[in-house]
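Please keep the sequence and the structure in view while reading.

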Amino acid sequence: MTKTRAADPILRAVVRPSASARWSGRIGGAASRTSVRWKSGPYGYTQAKALVFSEYGEPKDVLKLHTYSISPDLPAGSVLLRTLAAPINPADVNTIQGTYGAKPTFSSLIGTGAPSAVGGNEGVFEVVSSSSSSSNLEKGDWVIPAKTGFGTWRTHAVAPADTLIKIDDKRGITPVQAATVAVNPCSAYRLLRDHVTPPLREGDWFIQNGANGGVGRAAIQLGRRWGYRSINIIRGREGSGEGDEDGEAATRALADELRALGADHVVTEKEFLSRDFRARLAEWTRDTGGAGVRLGLNCVGGQSAQAVAASLGTGGTMVTYGGMSRRPVSLPTGLLIFKDVRFVGFWLSRWADANPDAKARTVAEILDLARAGAFREAPLAPVPWDWETPPETLSDAVQGTLQGFRAGKGVFVFGET
């Protein structure tokens, strides 16, 4: 567990314990102590709340809603931010569970009783105020974190201006679109652009499992825009009653939805793993001059990953960026020797932290597409977060992220905070 001392020059100067409880009114002639929300507290202090954890475990067990105050005296070069929206990604849950590749920093800088970390790794903020010596950020600007580990599940934050990416033109963009651009769409962009030599060209094929996820949907849309053709594997939907009619109908509806985004072919895992899939694949790719499928994207692992690798043409590349099945990637030796297939991994956090300028350019390009109506975010399930929202509502939304089929990815949408 990494710990940070309270000597941090930013937070030490701006954070003080909350004083949200005020004496107000009288009931039956006696004073009653009630919780009062002051958007701008005494002496200009801003009250804030953050969803924090001080130990690893299931979100429902370890997440706490912590209240604290932020001083109006901002350190040089810093800005006060109000959160507009912050999604709940599977990696966020894995971080809380202690199973993710990067470990958070635990500290008491926002006045928690035990050293804690703020959840969330993606979101969009509005600049509330800035110190006189801050960069080009002004009140009302929208920004997203430049690097990972920011801790976005909070109503307000203070951060150095140079750790943020400004959204230069927020017209035509919703807070939710801006909040969800930095992880899944950026992952899809880099997966398609960075891992094949020579780069994918118009007419080339890629295949991906987990195609219904946020990365998969983004890859379909970007691939179609760049002229790539795609084969997309999804899990068949389950029926809710006797028989499979409703499950089959839901699967067909999902396949139609992905085709509307630009998918060339959509198959279920069952179809993908069947014996006759090879013949279908050969028919689809027969006009490639023997190149076949050049890129495979794997976020599942296990048997599905092995089948993705077996679907690649000679010299193809499979990129693993997730492991939802929690099963290892086991590959036949023949793919390495006789087909010269390449296997690499991709971790967006490492790429983003090493390439902040490229991240900013990627974000800007995707938002331009969204603004033009040429890119749609994955289905979302908004979770309103107001000042009086119960802690259980927030922690339950996080807990449910990894549980079965969901109508959409959870995203905290901040209202009166």
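The structure is a predicted model. In soluble globular proteins, nonpolar side chains tend to be buried together. The largest nonpolar core here has 44 residues, and helix H13 (356–371) supplies the largest share of them, six residues.

**The nonpolar core**

- Val124, Ile144, Leu192, Leu222, Leu295 and Leu297 are the members of this core that touch the most other members.
- Two or more core residues come from each of several elements, among them strand E7 (78–87), strand E11 (142–145), helix H5 (184–194), helix H6 (214–225) and strand E17 (293–298).

**Helix H13**

- H13 consists of 16 residues, and the distance from its first C-alpha to its last is 22 Å, close to the 22 Å expected at 1.5 Å a residue.
- The buried residues of H13 are Ala358, Lys359, Thr362, Val363, Ile366, Leu367, Leu369 and Ala370.
- Viewed down the helix axis, the buried residues of H13 fall within an arc of 165°, so they line one face of the helix.
- The exposed residues Asp357 and Arg361 are carried on the face of H13 that is turned away from the buried side.
- The cover over the buried residues of H13 includes E11, strand E13 (164–166), helix H4 (175–179), H5, H6 and helix H12 (348–354).
- Gly373, which follows H13, has a positive phi, near 80°.

**The six-stranded sheet**

- Six strands with parallel pairing make up an open sheet, in the order E16-E15-E14-E17-E18-E19.
- Strand E16 (265–268) and strand E19 (342–345) stand at the edges with a single partner strand each, so one side of each has no neighbour in the sheet.
- On average, neighbouring strands of this sheet are turned by 20° against each other, direction ignored.
- Strand E18 (residues 312–320) pairs with E19 in the parallel sense over four bridges.
- Thr317 has Arg342, in E19, as its bridge partner.
- H6 packs on the sheet and touches strand E14 (205–208), strand E15 (229–234) and E17, with its direction at about 170° to that of E14.
- Helix H10 (residues 302–310) also packs on the sheet, where it touches E14, E15, E17, E18 and E19. The direction of H10 makes about 145° with that of E18.

**Two buried residues**

- Thr285 lies in the loop between helix H9 (277–284) and E17.
- The relative accessible area of Thr285 is 10%, and buried means under 20%, so Thr285 is buried.
- Apart from residues up to four places away in sequence, Thr285 touches Trp205, Gly292 and Val293.
- Thr285 and Gly313 are 28 residues apart along the chain, and their C-alpha atoms are separated by 9.8 Å.
- Asn184 is placed in helix H5 and is also buried, because its relative accessible area is 16%, with the limit at under 20%.
- Setting aside residues up to four places away in sequence, Asn184 touches Asn89, Gly214, Val215, Ala218 and Lys409.

Notes:
Residues numbered from 1 in each chain as written. Predicted model: local features only at pLDDT ≥ 70, side-chain atom pairs only at ≥ 80, totals over all residues. Heavy atoms only, no water. Core = buried A, V, L, I, M, F, W, Y, C linked by side-chain atoms within 4.5 Å. Buried < 20%, exposed > 50% of the residue type's maximum accessible area, 1.4 Å probe, protein only. Expected span 1.5 Å × (residues − 1). Arc of directions from axis to C-beta. Contact = heavy atoms within 4.5 Å. Pairing = 2+ DSSP bridges. Axes fitted to C-alpha atoms, helices over the stretch in contact; angles between N-to-C directions.
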